[in-house]
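Hello,

Here is the structure I promised to pass on to you. Have a look at it first, and then read my notes below.

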Amino acid sequence: MQRAVFLKSLRQGVERRLPLIVVSPLFALSLFFVYGFIAWTAYISLTKSGVMPVYTFDGLAQYERLWATPRWYVALKNLFIFSSLFIGISMAIGILLAILLDQRIRIEGMIRTIYLYPMALSFIVTGTVWKWILNPGLGIERLMRQAGFENFTFDWLVNSDFAIYTVVIAAVWQSSGYAMALFLAGLRSVDDEILKAAAIDGAGPWLVYSGIVLPMLRPVFLSTVIILAHLAIKSFDLVVALTGGGPGYATDMPATFMYAFAFQRSELGVAAASAVMMLMTVSAIIVPYLYSELRGTRK
Amino acid sequence: MRRRRTSGIVRPSGPGAVMLRGLLFAVLALFCLYYLVPLFVMVATSLKSLEEIRAGSFLSLPREITFDAWGKAWNAACVGVRCDGLEPYVWNSVLMTVPAVAISTILGALNGYALTKWRFPGADIIFALILFGAFIPFQVILLPMARTLGQLGLAGSVPGLILVHTVYGLAFTTLFFRNFFIGVSDGILQAAKVDGAGFFGIFFGIVLPMSLPAIVVTVIWQFTQIWNDFLFGVAFTVGDSNPVTVALNNVVNTSTGVKEYNVDMAAAIIAGLPTLLVYVVAGAYFVRGLSAGAVKG
């Protein structure tokens, strides 16, 4: 009898705590694989680790080495060039296409599908295709020469000064449709009554968009910039597939820099330090964003 | 996406408006070309012989259609030193993607359900901490993950990749389901609780059947992400256990011998086809996943 009561209360206790029992192991996974690993990498960045990890504390020496490495500056400069152009051009194309598609286009669904399909492709596939289109031997350069422009040169892909721009070209092709989709969703959420009122007041389409609609889309601007910036900082696959980080290390980015130092040059300490720099940059962008987003949905 | 019932801003009236409308379609068509040309180039090049590629332009249609490059890309192209084509690597990707998608989706559904419908103290903080994992640059976990996989005896293996994708996919799947469940009214659940239904009873009996849209969005998102992944594949596998994206990159960047652009393009299509098909069949769900990637549902 007592046993039955005990079992019943045990069952109820377990039942009451089931949500916690289900979430806990998953949360533990996250704690271990995300925060535990971040802590490990952060600690390694403060040690003498080279080919193998060592655990003796060495202060900020690896960060001093990182910031004394010319290749790191190339990576940072590339990241800056790449992200500003990539974000700027993708946003411009995204806004333009979203506004144009918002004009009661009958085949809108089909056009949208075409604009967005590159997002479904792997960056490796995108890189492979653009590598072929942009290669100086048989691609655009030869096409123009065959068309009569004998001296046309377009060798950006193999030119260290311009190779980073080929990464921009391919990345914009892949992701501008994404910006379009986000802006279109934003446009659709603008109240029609406002637009009607503006039209009655005699405002032309230019004024309606620049003066009323786009300012209302400020939150969409913000989230699109953040998503694209996040993509830019993490960009790794496209660089590898398109230029392999070359010529030399001319198109290195922090992500490829970290990979090269970790897996090819076996300088774990420097690799860990660069990874921590990346994490800090992403966190500075993402944490305030997540905070403001979540505060809105919290009930 | 919701369509507006009222008319748009550009109203067709008078010759000026008609011209504007024409311009509108011209720009839209131009951008269609911009997005489609690389796809066309990829398909056209894959159907040409190497002689034709060298003689003609990359924009021309193939004069003689040949599927040789496809055959070679599938089972004879050299990936590093092994010349069996992409086929074994496609199977690696399938073996990696299917379990990783299934496990991360189920766990994400459970997690999202527990965090929204059985609110307990700290649920919000737990969710925020899990969610952050979706946005970290994965470079910061590469080194410890490689060591952990080694200690688990999973280094360089497909099961190892399944584990990695499940763990880091969990943040996103939890986000998707949480956003979905927040919109589900608590009324039905309360009634079921009063009737004595438990945590799992409600989950399997009520919640899961009604969350089909969320499941589809999550499965498509996870499938696309995991199939297209390159970073984990290249960092944690070697040779025979490479997923198809890594193998494709190796095919393209194999420096020995003649550069076979037609084989490269056929290989790129093979690697890209599964996600492209999913997109064509279920594009609307894919777009919903993309906008959920902006955190709010």
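Let me start with one pair of side chains: A:K48 and A:D58 form a salt bridge, and their closest N and O atoms are 3.5 Å apart. The two partners sit 10 residues apart, and A:K48 and A:D58 are both in the loop between α1 and α2 (61-66) of chain A, a pair that links distant parts of the chain. Over all chains, the structure holds 9 salt bridges. Please keep in mind as you read that this is a predicted model.

Now to the place where the chains meet. The contact involves 108 residues of chain A and 100 residues of chain B. Between them, chain B and chain A bury an area of about 9600 Å², with 73% of it coming from carbon and sulfur atoms. How many salt bridges cross the interface of chain B and chain A? The rule finds 0 there. Polar contacts do turn up, however: 19 residue pairs between chain B and chain A are counted, both residues being at pLDDT 80 or more. On the side of chain B that touches chain A, helix α1 (residues 14-46) of chain B gives the most, with 15 residues. Sorted by class, that side of chain B has 68 nonpolar, 20 polar and 12 charged residues.

The largest cavity has a volume of about 970 Å³. Its lining is made up of 39 residues, and nearest its centre lie A:L231, A:K234, B:F138, B:W221 and B:Q225. Helices from both chains supply at least two residues each to this lining: α7 (163-188), α10 (218-234), α11 (237-242) and α13 (268-297) of chain A, and α7 (158-182), α10 (212-228), α11 (231-236) and α13 (261-292) of chain B. Which helix gives the largest share of the lining of the largest cavity? That is α10(B), with 6 residues. By class, the lining of the largest cavity has 23 nonpolar, 13 polar and 3 charged residues.

The second largest cavity holds about 80 Å³ of space. Among the residues that line the second largest cavity are A:L26, A:F33, B:N111, B:I130 and B:Y168. Here α1 (2-44) of chain A and α7 of chain B each supply at least two lining residues, and α1(A) gives the most, with 5 residues. The lining of the second largest cavity has 9 nonpolar and 3 polar residues, and no charged residues.

I hope this helps you find your way around.

Best wishes

Terms used: Residues numbered from 1 in each chain as written. Chains lettered and ligands numbered in written order. Predicted model: local features only at pLDDT ≥ 70, side-chain atom pairs only at ≥ 80, totals over all residues. Heavy atoms only, no water. Contact = heavy atoms within 4.5 Å. Buried area = accessible area lost by both parts, 1.4 Å probe. Salt bridge = Lys/Arg side-chain N within 4 Å of Asp/Glu carboxyl O. Polar contact = N/O pair within 3.5 Å; in protein donor to acceptor, adjacent residues only side chain to side chain. Helix = DSSP H or I, 4+ residues; strand = E, 2+ residues; numbered from the N terminus. Nonpolar A, V, L, I, M, F, W, Y, C, P; charged D, E, K, R; others polar. 1 Å grid on protein atoms, 1.4 Å probe; cavity = no way out; pocket = protein on both sides within 12 Å on 5 of 7 lines; lining within 4 Å. Points joined across faces, edges and corners; volume = space filled by probe spheres on them.
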